[in-house]
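Trainee: Could you show me how to read a side chain and its surroundings with care?
Mentor: Let us look at the model together.

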Amino acid sequence: MNNHLRELRGEQGWSQAELAERLEVSRQTINAIETGKYDPSLPLAFKIAQLFGRPIESIFLPGEE
């Protein structure tokens with residue numbers, strides 16, 4: 001799954017650690033999501049969307065299978 005998390009985080013001026021703290025996950029989780037190595041759970045995806053004030057589908061995009 002592709003995503004715009006890195007760009008959104010950059011717009012806010014947050015480090016991976018700062019975003020992780022806001023979402024109550026590890027920095028490694030943020031890194032794995034940003035690099036496409038991990039797809040977030042649905043509750044975490046909703047939490048991310050709420051934090052950035054955007055719909056989930058504007059942050060997470062289907063990748064090539």
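Mentor: Residues are numbered from 1 along each chain as its sequence is written, and side-chain values use heavy atoms, with hydrogens and water left out. As the model is predicted, local features need pLDDT of at least 70 and side-chain atom pairs count only at pLDDT 80 or more, while totals for chains, interfaces and linings use all residues.

Trainee: Is Glu-34 buried or exposed?

Mentor: Buried means under 20% relative accessible area, exposed over 50%, and partly exposed in between, with a 1.4 Å probe and protein chains only. Glu-34 has a relative accessible area of 10%, so this residue is buried.

Trainee: Which residues of helix H1 are buried?

Mentor: Helices are DSSP runs of H or I with at least four residues, strands are runs of E with at least two, and both are numbered from the N terminus. In H1, residues 5-12, the buried ones are Leu-5, Leu-8 and Arg-9. Seen down the axis of H1, they fall within an arc of 100 degrees, taken from the directions from the helix axis to the C-beta atoms, so they line one face of the helix.

Trainee: Where does the chain place Glu-34?

Mentor: Glu-34 belongs to helix H3, residues 27-34.
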